[in-house]
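Me: I would like to learn how to read salt bridges in a protein model. Could you walk me through it?

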Amino acid sequence: MWDDLVARYAWADANTLEACTVSVVAGKSEDDVIRAFGGDPGQSRLMTFAEAADEQADHLYEEYELLRVVTSKEHVVAIEWGYHGSLPEIARRASADGGEFFSVHWDVNARYQVMRALDGRVDGAFDPAEVEDPEDEVPAWAEGVTFSAADTLCAESFALLERTMGVAVDPAWIDTPLRTVLLAAPGELFGGDPESSWLR
């Protein structure tokens, strides 16, 4: 069962996405999620993942992050060529007042993270690349999962997301134009103290 689930996400490790954060939020609307991430719901446009990544690359040395959102049944999925969804403070904000949040993140330096939050509290976060032994301590929601070599970590992370949240990540969302907003920089969003956004 687990191996079949991981196999369905082989596309995520095909080197087409050098950096990505996918967050799934339950109990919130798209507008709620956009605000939690630091965007303005009234200022949205349609963009593909590649278009958003290209626009961000044009502002490479600036704090310029774009967030794409789509609704999947009762969940909102947020997709970035960036890192806002990997910040514990974003997880707390997006899950506050009875919500649930789960994010998968990897970057160009081969750093990975999966994180879950419930009702405004981070319920665990770790780098699956550093889980070398089944006996390594992981949150309860990740118990029983075996993380393999680096070439399957994205697929395994998405499989864990689906197992936890009940939402399948659709690869079509990458090339489909989705509602997109510009995000505030962490320093602006968190009152001039971006370091606090990383505290669990």
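Reply: Happy to! A salt bridge is a side-chain nitrogen of Lys or Arg within 4 Å of a carboxyl oxygen of Asp or Glu. Side chains of opposite charge can pair when their charged atoms come close. This model is predicted, so local features need pLDDT of at least 70 and side-chain atom pairs count only at pLDDT 80 or more, while totals for chains, interfaces and linings use all residues. Residues are numbered from 1 along each chain as its sequence is written, and side-chain values use heavy atoms, leaving out hydrogens and water.

Me: How many salt bridges does the structure hold?

Reply: There are 11. In one of them, arginine 92 pairs with glutamate 89, with 2.9 Å between the closest N and O atoms. Both belong to helix α4 (residues 88-95), three residues apart, or about one helical turn. Helices (H or I, at least four residues) and strands (E, at least two) are DSSP runs, numbered from the N terminus.

Me: Are arginine 92 and glutamate 89 buried or exposed?

Reply: Buried means under 20% relative accessible area, exposed over 50%, and partly exposed in between (1.4 Å probe, protein chains only). Arginine 92 has 17%, so it is buried, and glutamate 89, with 19%, is buried as well.

Me: With which residue does glutamate 89 form a salt bridge at 3.0 Å?

Reply: That partner is arginine 93, which sits four residues from glutamate 89 in helix α4. Arginine 93 is partly exposed, at 35% relative accessibility.

Me: Which parts does the salt bridge of aspartate 31 and arginine 179 tie together?

Reply: Their side chains meet at 2.8 Å, N to O. Aspartate 31 is in helix α2 (residues 30-37) and arginine 179 in strand β8 (residues 178-183), so the pair ties together parts 148 residues apart in sequence.
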